[in-house]
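Reader: I'd like to learn how to read a model like this one, feature by feature. Could you walk me through it?

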Amino acid sequence: MAANDTDRAQRGIQSIEVGGQLLRALVHHGRPMALKDLAREADMTPAKAHPYMVSFGRLGLIEQDRASGHYLLGPLALQLGLISLQQADPVHIATPLIAQLAQQIGHTVALAVWGARGATIVRTAESPSPVHVNMRHGTVFSLTNTASGRVFATYLDAEVVRRLLEEERQRQKQRKAEPPPPAGMPPVQPLPSWSDFESQLREVRTHGISRSDGEVIEGVSAMAAPVFDHTGAIVLAVTAIGSAAIFDTAWDGEIARALKACADTVSQRLGAPAPTSPASPASPTPA
């Protein structure tokens with residue numbers, strides 16, 4: 001196909017793109033808007049904007065409040081949004097992003113979902129560095145002494161987390177009769193009390209990210225950021241792991257910022273509510 005034919009095939013309809021700016025403004029503000037305000041956001045006059053709104057109304061993309069005259073999203077827009085959310089697969093959306101993230105920060109990055117046994121790795125992107133830490137698909141993270149486990153615990157229901165903590169405590173009691181851990185593995189640490197664990201989870205919520213330094217393997221650090229769906233529920237953890245000698249675990253360091261930016265991008269694509277200011281609640285239940 002000739003170059004001009006390709007251009008012609010890819011050319012859109014300008015009027016649709018222009019009118020789409022009105023819909024974009026309505027979505028961005030998230031509330032009913034007057035025509036003059038919509039037109040201003042779309043950089044056009046109200047007289048130019050009005051015919052677009054009439055057509056959008058006929059399609060069901062918008063509707064007009066009879067009392068105020070303000071415009072809001074219509075039934076077709078709501079149906080499109082619901083279908084989009086149903087089709088959104090968190091792992092599918094996040095997978096290409098963690099490959100980019102691994103290249104950016106120079107450490108291995110993984111996706112963990114909440115499974116029957118806890119936070120479980122389902123995707124990995126290897127570090128470009130010759131010195132890196134491997135993570136295997138299917139690995140289950142501890143609830144209490146891993147970055148991924150704590151980030152899930154922070155945003156799951158408090159009663160669920162209490163029960164899981166007690167189950168982990170029972171498993172640890174059973175392991176006391178087993179041989180000591182191999183060389184290079186830290187000794188098993190006593191599990192925290194519920195009040196101490198709550199304090200750790202408040203710290204995660206305050207910073208919007210979890211971190212671990214040498215808790216599972218000596219000399220290995222990790223950080224994990226949460227991904228939320230359209231209901232505000234946590235659905236993924238984006239986790240970076242690497243050698244402690246070169247892994248920056250500062251709350252506001254390069255790795256923390258990159259992880260949170262990646263997780264926020266996935267959350268936005270899943271329709272998650274806009275993030276609010278960090279808080280320190282009394283329990284790890286979602287705000």
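**Helices, salt bridges and burial**

Author: Let's start with a pair of helices: α2 and α4 are roughly perpendicular to each other, a label for angles of 65 to 115 degrees, with under 35 called roughly parallel, over 145 roughly antiparallel and the rest oblique. Helices here are DSSP runs of H or I with at least four residues, strands are E runs of at least two, and both are numbered from the N terminus. Before going on, note that this is a predicted model, where local features need pLDDT of at least 70 and side-chain atom pairs count only at pLDDT 80 or more, while totals for chains, interfaces and linings use all residues. Residues are numbered from 1 along each chain as its sequence is written, and side-chain values use heavy atoms, with hydrogens and water left out.

Reader: At what angle do α2 and α4 pack, and how far apart are their axes?

Author: The general idea first: two packed helices are described by the angle between their axes and the distance between the axes. Here, α2 (residues 14–29) and α4 (residues 46–59) pack at about 85°, with axes 10 Å apart. The axes are lines fitted to C-alpha atoms, for helices over the stretch in contact, and angles run from 0 to 180 degrees between N-to-C directions.

Reader: Which residues in α2 and α4 meet?

Author: From α2, you have S15, V18, G19, G20, L22 and L23; from α4, K48, A49, Y52, M53 and F56. Contact means heavy atoms within 4.5 Å. Sorted by class, this contact has seven nonpolar, three polar and one charged residues. For the classes, Ala, Val, Leu, Ile, Met, Phe, Trp, Tyr, Cys and Pro count as nonpolar, Asp, Glu, Lys and Arg as charged, and the others, Gly among them, as polar.

Reader: How many salt bridges does a search of the whole structure find?

Author: A salt bridge is a side-chain nitrogen of Lys or Arg within 4 Å of a carboxyl oxygen of Asp or Glu. The search turns up five. Also, K36, D37 and R40 are linked in a salt-bridge network.

Reader: How far apart are the closest N and O atoms of E159 and R162?

Author: They are 4.0 Å apart in that salt bridge. An α-helix has 3.6 residues a turn, so residues three or four places apart point the same way. E159 and R162 are three residues apart in helix α8 (residues 158–175), so about one helical turn separates them.

Reader: Where do E166 and R169 lie?

Author: Both are in helix α8, three residues apart, about one turn of the helix.

Reader: Does E159 count as buried or exposed?

Author: Buried means under 20% relative accessible area, exposed means over 50%, and partly exposed is in between (1.4 Å probe, protein chains only). At 54%, E159 counts as exposed. R162, at 41%, is partly exposed.

Reader: How many residues of helix α7 are buried?

Author: Nine of the nine residues of α7 (residues 147–155), so this helix is largely enclosed by the rest of the structure. Among them are R150, F152 and Y155.

Reader: At what angle do the axes of α7 and α9 cross?

Author: At roughly 90°, and the axes of α7 and α9 (residues 194–207) come within 9 Å. R150, V151, A153, T154 and Y155 of α7 make this contact with F197, Q200, L201, V204 and R205 of α9. By class, the contact residues divide into six nonpolar, two polar and two charged.

Reader: Which phi does D43 have?

Author: D43 has a positive phi of about 60°, although it is not a glycine. You'll find D43 in the loop between α3 (35–41) and α4. D43 is exposed, with a relative accessible area of 72%.
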